[in-house]
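Take a look at the sequence and the structure below. This report covers a few side chains and their surroundings.

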Amino acid sequence: MINFAWTGDHELGHADIDAQHMRMFLLAQRVVDSLVEKSCGKVAVGAEELQALIDFTGEHFAFEEDLMRSSGYPGAGWHAKYHASLLVELETYCRKVQKSHISNAVVLVKYLFDWLHQHIDTVDRELVVWLSDRMSPIGVGDET
């Protein structure tokens, strides 16, 4: 089964975004752990863990979208639509898990793994580069 281990390769250089991504990895690992326990006959409800990931992901997306708006990020509209479509997909998976319509948990886990890695390594990395190019460190250039 896939492991959602956070490594330095995932860090983008924005403390808040990195901390939120790390939490998303932890929540995704809880989904995996729950699905594994469920498949072993233990009482575990993968939907609860998946909903926790969805809820936090929604908060994270709102945080990023606020950063995009306040910085004038040119890809803000597209990025926000991408966030919305990801949340719809996650909610669809969650409903399937709730109704026990996920016949193969590996498909869900692979989706979560691919989504997190691709999103962080591409569109979020571009956002952080944009933000870091426009934000000067506190105190730099102050001549008081």
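## R125 and D121

R125 has a relative accessible area of 32%, so it counts as partly exposed. This comes from a predicted model. R125 forms a salt bridge with D121. Their closest N and O atoms are 3.4 Å apart.

D121 is partly exposed too, at 34% relative accessibility. Both residues belong to helix 4. They are four residues apart, so about one helical turn separates them.

## K110 and D114

Helix 4 spans residues 105-134 and also holds K110 and D114. The side chains of K110 and D114 meet in a salt bridge, at 2.6 Å from N to O.

K110 is partly exposed at 45% relative accessibility. D114 is partly exposed at 34%.

## R69 and D66

How many salt bridges does the count give? The count comes to three. One of them joins R69 and D66, with the closest N and O atoms 2.5 Å apart. R69 and D66 sit three residues apart in helix 2, so they are separated by about one helical turn.

R69 is exposed, because its relative accessible area of 56% is over 50%. D66, at 44%, is partly exposed.

## M68

Is M68 buried or exposed? M68 is buried, because its relative accessibility of 1% is under 20%. M68 lies in helix 2, which covers residues 46-71.

Leaving aside residues up to four places away in sequence, M68 touches Y73, A76, H79, H83 and L127. M68 and W130 are 62 residues apart along the chain. Their C-alpha atoms are separated by 9.2 Å.

Technical notes
Residues are numbered from 1 along each chain as its sequence is written. This is a predicted model: local features need pLDDT of at least 70, side-chain atom pairs count only at pLDDT 80 or more; totals for chains, interfaces and linings use all residues. Side-chain values use heavy atoms; hydrogens and water are left out. Helices (H or I, at least four residues) and strands (E, at least two) are DSSP runs, numbered from the N terminus. Buried means under 20% relative accessible area, exposed over 50%, partly exposed in between (1.4 Å probe, protein chains only). Contact means heavy atoms within 4.5 Å. A salt bridge is a side-chain nitrogen of Lys or Arg within 4 Å of a carboxyl oxygen of Asp or Glu.
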